[in-house]
Amino acid sequence: MTQWLGSLTSQNGNSLAGVFMIKGEPWVFEKDARGQPAAPFQRAPAVVNIPWKELESIRQSLQSHEPFTATIMGSTMEIVWSNGVRITANVPHCDKYGYFSGEGLSSNVSLSSTSAPPLRSYNSSRLHTPFTGTPTTTGALTASSIGTGISRGGVAAGATTYPSDGKLHQAEPAPYVPAGGVGTNGSTPVYNTKSDFDYESLALALYQEWIELDLFQDGLRRFNESAFLAAGMTTSDRELIAFMAQQEIGHATMLSNILGAHAPQQCNYIYPYTNVKEFIDFCQKLTRWGEAGVYGFLAHLDSREAATLLTQAITTEARQQLIFRQFEGLFPMVERFEAGIPQSWAWSLLAPFISSCPENQTRLIWQNFPTLMVVNEPDPWISGTSRNFSASNNRTSSGYNLTTISDQISRLNQTYGFNQSAGFIFNQTTGINNTVGPGVSIPKSPQGTGRFNSSNLSNGSSISVNGWGASVSKISPIPLTVPGRQVLLQWDLPGKKIGPNNSYITTTETKAGSAKYVVWVSQLNITYTPLHVVSGINSTNSTNGANSTDGSRGYTIQPNLETYQSDQAFNGTVFIAITDSDPYVSPFNLSLIDPHVVAGPALYQAG
């Protein structure tokens with residue numbers, strides 16, 4: 001049965017009607033509700049040429065009333081929605097040029113098989129403005145009883161008894177099946193949550209999937225094809241990002257089915273980017289902490305069934321992060337291992353970009369740590385240039401000449417927003433009212449968005465003269481950072497409202513003035529470097545004009561460490577945080593560091 005999917009209204013008030021066949025289904029544009037006469041080719045069949053990856057996007061564009069324009073030239077029609085989705089159609093019976101605009105109407109037409117499980121519904125047009133209301137509740141979710149803490153224990157009994165000699169030591173339960181394993185006894189798997197730990201961890205993962213869906217769609221909607229071309233990216237690159245959004249719909253559906261009726265809903269978000277390259281850089285960082293946040297809890301889930309499905313989703317996200325590195329012209333994989341981070345670290349990075357959520361939204365137990373910002377965050381778009389090395393590392397013929405700290409402190413002693421002429425050009429509002437989140441510095445050019453326009457291209461190239469363009473694999477002759485680089489840091493005090501509806505509060509279990517170390521988490525390594533505080537409540541320096549109620553500033557030195565021989569441990573997008581001590585932790589029990597976190601984490605673009 002033919003379904004009416006939308007109306008196209010011409011500039012003179014007339015309407016365009018026609019039947020489009022997409023994948024064998026009739027798509028109809030009928031005369032509008034005002035009863036204006038239709039164009040001469042009403043109900044004319046049309047052949048539509050459309051990338052298969054865009055089918056779901058078109059359906060959502062129509063259902064969400066996404067504005068569109070349609071251009072007719074002879075017998076060809078092109079429809080372009082404001083979010084970048086477009087189709088072209090051959091329209092016979094039309095011999096004149098027309099320009100039409102309008103919006104799609106709701107429809108129950110589905111472009112997917114009715115026999116497949118349904119996707120969770122979502123809105124492709126979210127608000128992207130800061131929350132300005134008053135939260136109805138504040139603080140993280142808590143139980144009726146809270147313990148005093150998790151004590152550090154010794155090695156579990158039996159943990160070292162297996163001989164590990166390559167021989168079989170127990171009877172085989174079946175041919176070709178060794179004894180042991182979890183969930184291998186033939187029982188029917190149940191894909192649900194089996195503990196509070198499971199539910200809260202998977203709910204956090206669902207919050208992450210929702211923002212990724214909106215983020216990918218927002219970038220395509222906000223920046224048109226010409227803007228992507230000016231940034232050195234193609235129409236195919238846009239289609240790949242659009243397909244990533246479709247992947248997130250699947251991930252959100254899977255997690256929602258596991259969590260049940262109270263699974264977190266889609267929220268409204270706010271982002272710090274102002275152009276395509278900042279959008280790509282933000283995507284590269286957001287997918288990195290999303291991936292690492294799942295790795296941190298995956299092995300601890302009580303529900304091994306849920307862990308299996310989540311593994312199949314997070315490996316997809318790892319590929320997304322690699323692709324965004326390629327879009328930036330970075331070497332796609334510079335590490336041998338991918339680090340995991342605790343849930344509270346992932347939530348601290350994610351929450352500030354959530355502006356507001358629906359009423360009765362499922363809340364999370366995880367902690368929000370105070371903001372940590374890397375002031376001289378390396379710029380991946382200008383690899384190895386003065387933006388990354390001047391005043392921190394000066395490139396000389398004999399290597400890297402590390403300057404004295406006096407220049408660094410002089411920069412830190414500028415106004416609280418830092419001296420814009422010093423090269424630290426990014427949004428300095430740190431975590432207040434969600435204007436920018438902690439730990440995610442998006443480097444800006446001195447010309448704002450102008451650095452990435454066509455005036456910066458030479459010889460018709462789509463790659464910036466001073467930077468790197470999208471590439472499958474590219475080796476930079478000069479690294480983004482090197483061991484010994486001075487890393488400038490700024491962090492807030494606890495007690496700030498943050499996250500959905502400004503309803504979460506940043507907290508720390510450490511004492512005031514206790515910041516002593518910077519912990520570096522990358523690959524298999526957790527390493528500490530001394531923190532040098534130059535302003536704020538830790539400092540005896542009262543001449544720099546810092547207000548202790550705003551936070552503190554200081555610096556540390558990028559460490560020189562190898563995971564294994566010839567493998568620089570701190571490479572790629574790594575995580576750092578400020579701590580009050582240097583407890584020994586490893587990848588499996590990294591969350592034991594949480595009571596020692598003063599501020600953070602932050603993402604550091606090491607390479």
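1. In this predicted model, helix H5 passes helix H6 in a left-handed crossing. H5 spans residues 276–298 and H6 residues 304–327; the two pack at an angle of about 155°, with their axes 9 Å apart. Since angles over 145 degrees count as roughly antiparallel, H5 is therefore roughly antiparallel to H6.

2. On the H5 side, the contact with H6 includes Ile280, Cys283, Thr287, Val294 and Leu298, while the residues of H6 include Ala307, Leu310, Ile314, Ala318 and Phe324. By class, the residues of this contact comprise 12 nonpolar, 6 polar and 5 charged.

3. Helix H4 (residues 235–259) also packs against H6: the axes come within 11 Å and cross at roughly 160°. H4 is therefore roughly antiparallel to H6, and the crossing of H4 and H6 is left-handed.

4. The contact of H4 with H6 draws on Leu240, Ile241, Met244 and Leu255 of H4, among others, and on residues of H6 including Leu309, Leu310, Ala313, Ile323 and Phe324. It has 13 nonpolar, 4 polar and 3 charged residues.

5. Phe223 lies in the loop between H2 and helix H3, and Tyr273 in the loop between strand S11 and H5; the two are 50 residues apart. Phe223 is buried, with a relative accessible area of 8%, as is Tyr273, with 2%. Both belong to one aromatic cluster, together with Phe228, Tyr271, Phe279, Phe282, Trp289 and Phe353.

6. Helix H7 (residues 343–350) has 8 of its 8 residues buried, so H7 is largely enclosed by the rest of the structure. Among the buried residues of H7 are Trp345, Trp347, Leu349 and Leu350, along with Gln343 and Ser344.

7. Thr579 is placed in strand S23 (residues 573–579) and counts as buried, at 0% relative accessibility. Leaving aside neighbours within four places in sequence, the contacts of Thr579 include Ser514, Lys516, Tyr517, Tyr528, Ile593, His596 and Val598.

How values were computed: Residues are numbered from 1 along each chain as its sequence is written. This is a predicted model: local features need pLDDT of at least 70, side-chain atom pairs count only at pLDDT 80 or more; totals for chains, interfaces and linings use all residues. Side-chain values use heavy atoms; hydrogens and water are left out. Axes are lines fitted to C-alpha atoms, for helices over the stretch in contact, and angles run from 0 to 180 degrees between N-to-C directions. Helices (H or I, at least four residues) and strands (E, at least two) are DSSP runs, numbered from the N terminus. Angles under 35 degrees count as roughly parallel, over 145 as roughly antiparallel, 65 to 115 as roughly perpendicular and the rest as oblique. A crossing is left-handed if the near helix is turned anticlockwise from the far one by less than a right angle, and right-handed if clockwise. Contact means heavy atoms within 4.5 Å. Ala, Val, Leu, Ile, Met, Phe, Trp, Tyr, Cys and Pro count as nonpolar, Asp, Glu, Lys and Arg as charged, and the others, Gly among them, as polar. Buried means under 20% relative accessible area, exposed over 50%, partly exposed in between (1.4 Å probe, protein chains only). Rings of Phe, Tyr and Trp (its six-membered ring) pair if their centres lie within 6.5 Å; planes under 30 degrees apart count as stacked, over 60 as edge-to-face and the rest as tilted.
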